[in-house]
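This report describes the chain shown below, from its overall fold to its aromatic side chains.

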Amino acid sequence: MSMWIYFQGFEPSGLPGDVAGFEALFDVEFDELRRRVRAGDSVWLESGFFQLNELYWPRSEPGGDRELPVFGGRHIPDPSGGPGHAVLGPPEVARAAAYLEGVSFPDRWQEWRQLPSSQSDEEMRERLAQYHEDLRAFYGRSAEQGWAVVKHFSF
């Protein structure tokens with residue numbers, strides 16, 4: 001089973017008003033989703049996003065906006081029982097962008113790799129470092145545009 005999260009920035013006025021509308025946003029061919037990623041309008045994370053979320057939650061720094069980048073937001077349930085979507089409004093997008101701008105990936109990696117649950121091999125470090133940079137750039141652009149962010153989960 002393939003697991004992934006897809007992040008897309010939208011004008012707040014373009015957000016759907018119901019669950020069916022959110023489903024329709026992502027009811028497109030994978031080639032279209034890939035085109036959006038290449039254009040910089042979205043981000044696609046595959047394996048490793050649970051670890052990235054854990055990396056953003058250091059024991060040394062409780063609180064803050066660390067929940068926003070990966071899983072945070074207002075949950076939009078999937079009526080068929082899937083994981084659904086999450087939405088961050090422009091204020092939360094700006095907070096996520098500021099959080100990611102201030103995070104030192106090397107520092108977080110060093111702390112996270114000490115955890116017993118961490119998978120701290122070089123391949124994982126490279127993947128999470130790339131995801132971090134992708135999300136940092138995406139949230140930064142989205143915040144500059146005043147966009148909301150919709151996350152589409154597939155677990």
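Accessible areas here come from the Shrake-Rupley method with a 1.4 Å probe. By that method, the chain exposes about 8,000 Å², and carbon and sulfur atoms supply 50% of it. The model is predicted.

## Fold and dimensions

The chain contains six helices and five strands. Their order along the sequence is β-α-α-β-α-β-β-α-α-α-β.

The C-alpha trace spans about 45 × 35 × 30 Å along its principal axes. A compact globule of 155 residues would have a radius of gyration near 15 Å, and the chain agrees with this because its own value is 15 Å.

## Burial, contacts and charge

Of the 155 residues, 45% count as buried. Contacts between residues at least 6 apart in sequence were also examined: 75% of them join residues at least 24 apart.

The chain carries 15 positive and 25 negative side chains. The centres of these two sets lie 3 Å apart.

## Aromatic pairs across the sequence

How many aromatic pairs does a search of the whole structure find? The search finds 15.

Is Tyr 6 buried or exposed? Its relative accessibility is 0%, so Tyr 6 counts as buried.

Trp 109 and Trp 112 form another aromatic pair, with ring centres 5.3 Å apart. Their planes are at 45°, so this pair is tilted. Both residues are in helix H5 (residues 105-112), and because they are three residues apart there, about one helical turn separates them.

The cut-off for burial is under 20% relative accessible area. Trp 109 has 4% and is therefore buried. Trp 112 has 2% and is buried as well.

## The aromatic cluster

Which residues form one aromatic cluster? The members are Trp 4, Tyr 6, Phe 26, Phe 30 and Trp 44.

How values were computed
Residues numbered from 1 in each chain as written. Predicted model: local features only at pLDDT ≥ 70, side-chain atom pairs only at ≥ 80, totals over all residues. Heavy atoms only, no water. Helix = DSSP H or I, 4+ residues; strand = E, 2+ residues; numbered from the N terminus. Rg over C-alpha atoms; globule rule 2.2 N^0.38 Å. Buried < 20%, exposed > 50% of the residue type's maximum accessible area, 1.4 Å probe, protein only. Contact = heavy atoms within 4.5 Å. Lys, Arg positive; Asp, Glu negative; His and termini not counted. Charge placed at Lys NZ, Arg CZ, Asp CG, Glu CD. Phe/Tyr/Trp six-rings, centres within 6.5 Å; stacked < 30°, edge-to-face > 60°.
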